[in-house]
Amino acid sequence: MSDKEEQPDTSLDVETYGNPRTFDPNFKGPIAKRNCTDVLCCIIFVLFIIAYILLGLVAWVHGDPRRVAYPTDSKGHFCGQKGTPNENKTILFYFNLFSCTSPSVVVNLQCPTTQICVSKCPEKFLTYMEIQFSYRKNKHYWTYYSQFCKSPFVKPVKTLSQVLLDDDCPTAIFPSKPFLQRCFPDFTTKNGTLTVGNKTTFEDGSGKTRNAIELRTAANRVNKILDARAIGMKVFEDYASTWYWILIGLTIAMLLSWMFVILLRFIAGFLFWVFMAGVIGIIGYGIWYCYQEYSNLQGRPNSHLSIYDIGIQTDISMYFQLKQTWFAFMIILCLLEVFIILMLIFLRGRICISIALLKEGSKAIGYLPTTLIYPVLTFIFLFICIAYWAVTAIYLATSGVPIYKVISPERTCEHENTTCDPEIFNTTEIAKACPGAQCNFAFYGGKSLYHQYVPTFQIFNLFVFLWLINFVIALGQCALAGAFASYYWALKKPDDIPPYPLFTAFGRAIRYHTGSLAFGSLILALVQMFKFILEYLDRRLKEAQNNVCKFLQCCLKCCFWCLERMVKFFNRNAYVMIAIYGKNFCRSARDAFNLLMRNVLKVAVMDKVTDFVLILGKILVAGCIGVLAFLLFTHRLPTMIEGPTSLNYYWVPLLTVIIGSYLVAHGFFSVYAMCIDTIFICFCEDLERNDGSREKPYYIAPTLHGTLNKMQLVPQKQKE
């Protein structure tokens, strides 16, 4: 072929999907001259952010977070608020906790009894009838009792029936302690028997004899987390005595992750097998330990019980005293061990490709070390978004004025749940028609247009939050992809790598492709929003669902989970194409999809095998730190180092260290994963653009290209 017949400026690639593509012969990396893409979506995104800021300002004007910080009495007054009559009364006291067993507690989320602010909780058993009798001998009893009444009385002249009708004082008080700024009975257990103030039975002031179990049932209706009080204190004590060990563990995890990333550049093959052996060994140790615990529980009383037999327990350590728990752990770890071994057997022929990709990724990160710091910037952005969403949600939830509703203990009043005015309630027809009904504080709201749309604003707050979170992640992926693409398309590495590639890629993404990134994150936010709605409906309608509805609900959840994973995969590859070519989101997503479909074998062989290796690396880091933490917190390293003593639940700091180490490793390896994905996309483009000749040389590293030749993943015409 003569020179005139050659056309060095174009080369056609007949696609499996779509029309033939025309390549730019002067392409040497990410396009520098770009235009703004998806401008309409960018404008919509900016308008939503402005509306989000305005919503926050409006919520700040109308909301009052003190309504969350301080408990509220039946009249809507805060307990402990400075500058009010309740300044020194910081604790909420319930007149009659036994009325909290009423079904209206579940419906109205409010206990149908009078609630007042007090300075301290009762410390003894007293009834109103006893006070009337004791007042004649010692007035000190009434002075003590009257502090738990609505307003001070000189002496207890009212009869019991009048007190019940006017609801001025409680009929009885019990020994209590403040918890979450509320007075709850002081429960103790003696010889397996529940007691209150060393009593198992007592008078409730209305002529009935009650027991501690009835009182506990009533208290649990008020606050479900009453049982967790002791556990919460013990967990706090464990964190207080192990926080520095947790920080040391996370620091070691960071150093270990950094060391792995550096060593992958030089001894990727050896380190790969270290990953494999380490993960298999750690899981094997877990299997052996579970078997030891299972064997040690043989013959112990009650160890044969099942998890179903003991039910839901707040003391999680009870589950570790059952053989079934350790047997289940052992089975799960065995299945995981077998899965990893089978994966290694079936993927043994592709390991060399994964090692070559790991070496290339380590080399890229070595030339661009600033990419390892970028996850810190992403974390800061995510923290700002989460904080703004949480503050806005709190201010929206506390917007409005106190709303009072009629609450009847027996739910027999026809005016139940209607609004009322506590100042004049006793003089209204409702009080006469419904004896015993109360006009109590229910929630904060109003009749203005703003208050009517507060639930809508909460939904808007959640949606924009999801959009911003996904946008921040998309921005990080696009910036990292642009930096690693600059590395790949440099023919002479590192001489041809442009200066400040990460900063340049970040600036291009913000300046030109905010709309495209917002478009992709919008699609993902919509899918996630539908998932939240399904979860909300499932929780609200859980009791009313039949088996068919539950089955359909599970199917929808599964479908939306798969859809979310698929959208994340397409978005990730679309952002890589945006970083390289600067096209809009739809075109970039289409090009990325077509490119991957034309190289589907390479996707299965190279990309996914490397993802599997990186997941094992994260497990190895978390597992190594977890084993060391386990040996330390269970005092199995006394000769080497002395760990924290007298831990209540060693698994609390242990799980914190393991989860934290995994997240730290994920932060480092996510950069690595983005590097591998970008190199893979660029590699597929490289094979389609070039043929390895002097005029069209490959940009791929020679070592990686040689490995692919051996695996016959490069077309034969390109190897010649």
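These are my notebook entries on a predicted model of one protein chain.

**Ground rules.** I number residues from 1 along each chain as its sequence is written. Local features need pLDDT of at least 70 and side-chain atom pairs count only at pLDDT 80 or more, while totals for chains, interfaces and linings use all residues; side-chain values use heavy atoms, with hydrogens and water left out.

**Whole chain.** I looked up the secondary structure and found 24 helices and 14 strands. Helices (H or I, at least four residues) and strands (E, at least two) are DSSP runs, numbered from the N terminus. I then checked burial: 47% of the 720 residues count as buried. Buried means under 20% relative accessible area, exposed over 50%, and partly exposed in between (1.4 Å probe, protein chains only). For contacts (heavy atoms within 4.5 Å), I took those between residues at least 6 apart in sequence; 72% of them join residues at least 24 apart.

**Helix α1.** I compared the length of α1, residues 39-62, with what its 24 residues should give at 1.5 Å a residue. The expected span is 1.5 Å times one less than the number of residues. Buried residues in α1 are Cys41, Phe45, Tyr52, Leu55, Gly56 and Ala59.

**Glutamate 564.** I found this residue in helix α19, residues 547-581. Leaving out residues up to four places away in sequence, glutamate 564 touches Leu524, Val527, Gln528 and Lys531.

**Leucine 655.** This residue sits in helix α22, residues 651-689. Its relative accessibility is 43%, so leucine 655 counts as partly exposed. I also looked up its separation from phenylalanine 630, 25 residues apart along the chain: the C-alpha atoms are 9.4 Å apart.

**α16 against α22.** The axes of α16 (residues 454-488) and α22 come within 9 Å and cross at roughly 50°. That makes the pair oblique. Axes are lines fitted to C-alpha atoms, for helices over the stretch in contact, and angles run from 0 to 180 degrees between N-to-C directions. Under 35 degrees is roughly parallel, over 145 roughly antiparallel, 65 to 115 roughly perpendicular, and the rest oblique. On the α16 side I listed Gln477, Leu480, Ala481, Phe484, Ala485 and Tyr488; they meet Val671, Met674, Cys675, Thr678, Ile679, Cys682, Phe683 and Asp686 of α22. I sorted the residues of this contact into eleven nonpolar, two polar and one charged. Ala, Val, Leu, Ile, Met, Phe, Trp, Tyr, Cys and Pro count as nonpolar, Asp, Glu, Lys and Arg as charged, and the others, Gly among them, as polar.
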